[in-house]
Amino acid sequence: AVLAPGAPAEEGQERVVVCARVDVFVCGKALELHQKSHHTPHFLCAVTNKGFYIMDPTAPGYPETLKVVQHRDLRDMTRLVKGMTSQDLHVGWAALTAWGQALCEEFVTLICHQDGQRNELLGRLFARSQPPSGGVTHRVPAQRDMQMGALLEGFVKDPELATYAESADGRLRLFVLSDAQLFEFSVHFDYWLPPGSRQALEELDEGPSAMPGSRAMGSVVSAAGGRTVSRGSESDIQGPTPDELQALRDRVRLRTDRDREGAAGEGALVCLGGARSLSALTKLAFYPEARPRMELSFARPRAAAGTASYWAGPQPGAAAEEEEDVVSVVFLDEVAREAWRRQLTNSLDQNDWQRNHEPVPAEQGAGGARAPAAAAAATARAGAGGSDWRRSRDEKFLSM
């Protein structure tokens, strides 16, 4: 432990209290999986009664042996920052500067794949930040991220949905839907700034101390180089007291405040392609694939290709040549896909759209053409959940 270098590990078996599928950014930089093309391309974040682990299940040896790529001592935790969406969580950790002579704070950002896992991680980490001999007042502060919301307001007024998902090129993006427009953002966490130490704290429900059916760490601890040390009496334990640990955590956070004073962090959100108006939407499709995918097709004048502005809809008397702009979204779980399906289809059903009840085959490519074999089997897959909404260019466009 950085803040408690002389303190031995707690005795007893190490057990997992929560485990979540995540994408991970350390100091703003994305961690790379061993095998990005793996059928489960994600990291695992495990919180135990003793530590914090990031593991790569795409590495050889899984599941018998888990490759640990990050291991942190819970006593080094400095703060928890609840992200703007229901998926993101920023965890502050005490670290040593490059020359190893001073304390600093670095952040591990987690983008959770499954609904509810962010709040689960937040509550468990908050509870586990309490030192073994300390009280509730010795836990790290939990704050809310104000920066990302403020930056988003500069692009989107009254967003209805904001979801991290993968784009067609496999990159993690933030997709935001308002009542009239779709936005795609590249998020640069290296420009992200934590809240000031004195900003309002979050009220948290930490949940139970251990999950039902929690399992022993076993090979995970071995891979991380962990060890168990029997503890003697309190007087024999080296390291800071709970009050001293709290003071060290405060010192680390105050240094971050000083180092980042005056920084704006404006480069954290970059809008890709500008605002896409739903009045220019010509097709919406959901694909019954292993990883839930949605595809939206927008019409725009060919002259606008490669520019940041998108077509706002048909203009009276205009006959400009158009091209198709396709946005592909690969969701991290089914719950997110269903939330977008409900929000979009409610709008489309109210605005002169007609649903094609024939399922969209999983084999269909990004261009929208059905393969002959897939078309023949479409009816047999009607229960797979794939369908699309199309609008004839001769019909009335959405009025926004």
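1. A word to begin with: a residue is called buried when its relative accessible area is under 20%, exposed when that area is over 50%, and partly exposed in between, using a 1.4 Å probe and protein chains only. At 67% relative accessibility, aspartate 158 therefore counts as exposed. Aspartate 158 sits in the loop between α2 (147–153) and β10, and its phi is near 55°, a positive value in a residue other than glycine.

2. Please keep in mind that this is a predicted model, in which local features need pLDDT of at least 70, side-chain atom pairs count only at pLDDT 80 or more, and totals for chains, interfaces and linings use all residues. Residues are numbered from 1 along each chain as its sequence is written, and side-chain values use heavy atoms, with hydrogens and water left out.

3. Now the overall picture. The protein has 6 helices and 19 strands; helices (H or I, at least four residues) and strands (E, at least two) are DSSP runs, numbered from the N terminus. Of its 400 residues, 48% are buried. Contact means heavy atoms within 4.5 Å, and among contacts with a separation of 6 or more, 70% join residues 24 or more positions apart.

4. Which residues of α4 are buried? They are Pro242, Leu245, Arg249, Val252, Arg253 and Thr256. Seen down the axis of α4, these buried residues fall within an arc of 90°, so they line one face of the helix; the arc is that of the directions from the helix axis to the C-beta atoms. Their cover includes β6 (77–82), β7 (88–96) and β8 (103–112).

5. Arginine 251 has a relative accessible area of 51%.

6. Two backbone details deserve a look, and here is the background: most residues other than glycine have a negative phi, and most peptide bonds are trans. The peptide bond from tyrosine 62 to proline 63 is cis, with omega near 5°; proline 63 is in the loop between β4 (51–56) and β5 (67–73). Cysteine 27, in the loop between β1 and β2, has a positive phi near 55°. With 42% relative accessibility, cysteine 27 counts as partly exposed.

7. Finally, the second largest pocket has a volume of about 550 Å³. On a 1 Å grid over the protein atoms alone, a pocket is an open set of points where a 1.4 Å probe fits, with protein on both sides within 12 Å along at least five of seven lines, and lining residues have an atom within 4 Å of a point. Grid points are joined across faces, edges and corners, and the volume is the space filled by probe spheres set on the points.

8. What lines this pocket? There are 25 lining residues, with Phe25, Ala30, Glu32, Arg171 and Leu172 nearest its centre. The largest share, 3 residues, comes from β1. By class, the lining has 11 nonpolar, 5 polar and 9 charged residues; Ala, Val, Leu, Ile, Met, Phe, Trp, Tyr, Cys and Pro count as nonpolar, Asp, Glu, Lys and Arg as charged, and the others, Gly among them, as polar.
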